[in-house]
Amino acid sequence: MPLAPTGPSHLERLFPTLTSAQIARIAARGRRRTIARGEVLVEAGDADVPFFVVVSGEVQALRPSGATETLIVSHGPGQFSGEAIMITGRRAMGRLRASEAGEVIELGRDQLLALVQTDAELSEILMRAFMLRRQELIAHEFGDVVVIGSAHCAGTLRAKEFLTRNGHPFHYIDLDHDAEAQSVLDQFHVNAADVPVLICGADVVLRNPSNAQIAECLGFNDAIDRTRVSDLVIVGAGPAGLAAAVYGASEGLNVLVLESGSPGGQAGSSSRIENYLGFPTGISGVDLTGRAYAQAQKFGAQIMIAKGATQLACGRQPYDMQIDDGSRVRARAVIIATGAEYRRPALANLSQFEGAGVYYTAMPMEAQLCKGEDVIVVGGGNSAGQAAVFLAESAKRVQMLVRGERLADTMSRYLVRRIEDNPAIVLKARTQIVALEGNGHLERVRWRDDRAGDVETNDIRHVFMMTGAVPNTAWLERCVVLDDKGFIKTGPDLSQDDLAAARWPLPRPPYLLETSRPGVFAVGDVRAGNVKRCASAVGEGSIAVAFVHQVLQS
Ligand SMILES: Cc1cc2nc3c(=O)[nH]c(=O)nc-3n(C[C@H](O)[C@H](O)[C@H](O)COP(=O)(O)OP(=O)(O)OC[C@H]3O[C@@H](n4cnc5c(N)ncnc54)[C@H](O)[C@@H]3O)c2cc1C
C-alpha cells in the first residue's frame, strides 16, 4: 500500500478547530461573552491584546490600510484568534472584528501564558499555530511596516536584518527597481536621500532610524516592567542567554533579559547549523533561536530588544544595571551572556564599506545581494566554512582567504570535505586582504599571498569577514576578573590572587560559572575557556541557573 500522509495538514495546524473538551479547559481560565456583528475586538496598534476562542458566530482578522481593509482570515466556531504577539506581548498589527454575532471566550495575556505553561496539549496546538501564522504573515509581507531602501545603502540592510531577526513582517520597496517607490516617497514627504525610510504603523515616518528607534516605534519593549527587582537579569539573548531564560523562567524565577541587538546572537546569523543535537538535517540560526525566543517568553521571561547594558554597578546588591537609554534595572542575580563579535581587521577604510560590500553575516539577505557574482570569505573557522558553502549556492565563485596552511587545523571535517568537493569554492591559503577600494560600494580588493609576497588586485564587490572573536566585555569596566584576552574568568579558573584582588567576600569559593562577584555568572562565548559552540553555550546557560537558585536561597 502506498504511503499516505497522516496527521493534520498545514492548514489545519495554522487554523485548528478545538474539541469541546479543549474549549472547556480554556473557558475555565477566561470569561465567556457575547459579540455583536461589526464589533471591533482588537484595533491595530492596541497593546494588551486579548485571546479569543469563537464559540458561535465568526470573527475576522483584517489588515487595515487607510479607509480600506484586507481580509486575512475568518475564524469560525472552535477556532481561535492570535499569532506571535499573544506570547511576545507586542502591539496588534491588524484589526479583529466580529463578522457574525455570537459568543467568544476571552483570555488576557497572563491567563493565556498560564494556560500554555500548564496544559501541554493546548500549548502545542496554540504555540504552533501562533508561530506558523507569524511565518505566513512574514511570507506575505502582511505587517505594519514598510521599508523603502536601496541595495547600495548599508542602513537598508541593517534595518531589514533587524526586522527579520526579530521576526517582524514588513513590505520592502526597492528604490532602484520598484515603480511604486516614488509615489510612496511623495505621499510621505520624504526623499531618496533619507533612505532607509521606515513607515511604522499608519503614519509614523522614520528617516534612517537606529535599531532602537525601530524597536521603540513598533513597541517591542512596551509590555516590559522595569521597575521590579528581578530574581535574575540575563545580559545577552544569544543561545546562552536564551537557554538561561528558558530554564530560569520555567523554574519559577522572574527573569529579565537585556539584548543590545536582536535575539539569537551569533547563532542567529548562521545560515545552517548542522551539529546541534536533534536537528539531523540542520536548522537555520534564525529558526533555532526564534524558537528559543518564543519558548523563553512562553515561560514568562521578559526580553528587552535593542537595549544594551552599559554598566554593572558591582559594589551594590541587589545588582544595579544601567541600560543604554539611561534607565536602570535591578536584579538579585546576574548572568552575563554577551558573547563575542568578529574581529574587524585593521584595514584603513573598512568602516566605509561595512554593509556596502563588507559583511559579518552570511544569511539569505546578503546572499541575494551577491547572487551570480564573485565573493570572498575571510577566515578558516567553522563559521567561515558554513558561509562559503552557503554562498556558493548562489554566488558565481567563492574565494576563501585563510592565514594558515590548511583548513583542517581550524575547521570541522564535514565542512572541510564540503569545501574541497565544491568546484565553486577556491581556497587561498596563507593569503590576506591588504586593501579595499571603491566609491560608496566596495569595487576592488587587494590581497597578498604571504608565501610569494605577491599582491593581486581583483574586481570583487563582496567580502565576508569571519575571523577570530573578540569578547563583549568592555561595558563591564573590569567589574569582574577577565583573562588577558578580555574573556570572563569563572569558577575554578579564578586563582586565589584573582579573588583577593576582587575582594571576594564569602567563605565559599565561586560556584562553577560564577565570576569574581557573588551571584554574577558568565556563560557562553564570553566566558574564558568556553568551547565556542551553540551546544556549549546552551549547556552553560542552563547549568548557571541551577547555581542561581543556590545563590537566591542563601
Ligand atoms: C556565522 C556563524 C555560524 C556558526 N555556526 C555554528 C554551528 O554550526 N555550530 C555551532 O555549534 N556553533 C556555531 N557558531 C558559534 C555559535 O553561534 C556561538 O558559539 C554561540 O552563538 C555563542 O552563544 P552566546 O549566547 O554565548 O553568544 P552570542 O551568540 O555571541 O550572543 C551574545 C548576545 O549578547 C548581545 N550583547 C552583547 N553585548 C551586550 C550588552 N552590553 N548588553 C546586551 N546585550 C549584549 C549580543 O547582541 C548577542 O545577541 C557559529 C557562529 C557564527 C557567527
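These legends go with a set of close-up views of a predicted model.

**View 1**

**View 1. The largest nonpolar core, with a second one apart from it.**
Here we're looking at the largest nonpolar core, a set of 48 residues. Which of its members touch the most others? They are Val255, Ile335 and Phe521. Helix α16 (residues 534-553) gives the most to this core, with seven residues. A separate, second core has 46 residues, among them Val375, Ala388, Val389 and Met466. Now zoom in on valine 255: setting aside neighbours within four places in sequence, its contacts include Arg228, Leu232, Ile234 and Ala245. Gly248, Ala249, Ala301 and Gln302 are also in contact with valine 255.

**View 2. Glutamate 43 meets arginine 95.**
Side chains of opposite charge can pair when their charged atoms come close. In this view the side chains of glutamate 43 and arginine 95 form a salt bridge, at 2.8 Å from N to O. The two residues are 52 apart in the chain: glutamate 43 sits in the loop between β2 (40-42) and β3 (51-65), while arginine 95 belongs to strand β5 (residues 95-107). A search of the whole structure turns up 35 salt bridges.

Aspartate 320 and arginine 328 pair through their side chains, 2.6 Å from N to O. Another salt bridge brings together the side chains of arginine 451 and glutamate 405, at 3.3 Å from N to O. Arginine 451 lies in the loop between β22 (441-449) and β23 (455-458), and glutamate 405 in the loop between β19 (397-401) and α14 (413-421), so this pair ties together parts that are 46 residues apart in sequence. Both ends are partly exposed: arginine 451 has 49% relative accessibility, and glutamate 405 has 41%. Elsewhere, Arg31, Arg33, Glu39 and Glu106 are linked in a salt-bridge network.

You'll find serine 262 in the loop between β11 (255-258) and α10 (285-298). Why does serine 262 count as buried? Because its relative accessibility is 13%, and buried means under 20%. Its side chain makes a polar contact of 3.4 Å with the side chain of asparagine 166. Leaving out neighbours within four places in sequence, serine 262 is in contact with Phe162, Arg165 and Asn166.

Most residues other than glycine have a negative phi, and most peptide bonds are trans. The peptide bond from valine 195 to proline 196 is cis, with omega near 0 degrees. Proline 196 is in the loop between α7 (181-187) and β8 (197-200). Aspartate 48 isn't a glycine, yet its phi is positive, near 50 degrees. This aspartate 48 sits in the loop between β2 and β3 and counts as exposed, at 71% relative accessibility. Glutamate 141 has a positive phi too, about 55 degrees. Its place is in the loop between α5 (120-139) and β6 (145-149), and glutamate 141 is partly exposed, with a relative accessible area of 31%.

**View 3. Aspartate 454 and its contacts.**
Aspartate 454 is in the loop between β22 and β23. Beyond neighbours within four places in sequence, aspartate 454 is in contact with Trp447, Arg448 and Asp449. How far apart are the C-alpha atoms of aspartate 454 and serine 81? They are separated by 64 Å, and the two residues are 373 apart along the chain.

Methods
Residues are numbered from 1 along each chain as its sequence is written. This is a predicted model: local features need pLDDT of at least 70, side-chain atom pairs count only at pLDDT 80 or more; totals for chains, interfaces and linings use all residues. Side-chain values use heavy atoms; hydrogens and water are left out. A salt bridge is a side-chain nitrogen of Lys or Arg within 4 Å of a carboxyl oxygen of Asp or Glu. Helices (H or I, at least four residues) and strands (E, at least two) are DSSP runs, numbered from the N terminus. Buried means under 20% relative accessible area, exposed over 50%, partly exposed in between (1.4 Å probe, protein chains only). A nonpolar core is a set of buried Ala, Val, Leu, Ile, Met, Phe, Trp, Tyr and Cys residues joined through side-chain atoms within 4.5 Å. Contact means heavy atoms within 4.5 Å. A polar contact is a pair of N or O atoms within 3.5 Å; within protein, one must be able to donate a hydrogen and the other to accept it, and residues adjacent in sequence count only if both atoms are side-chain atoms.
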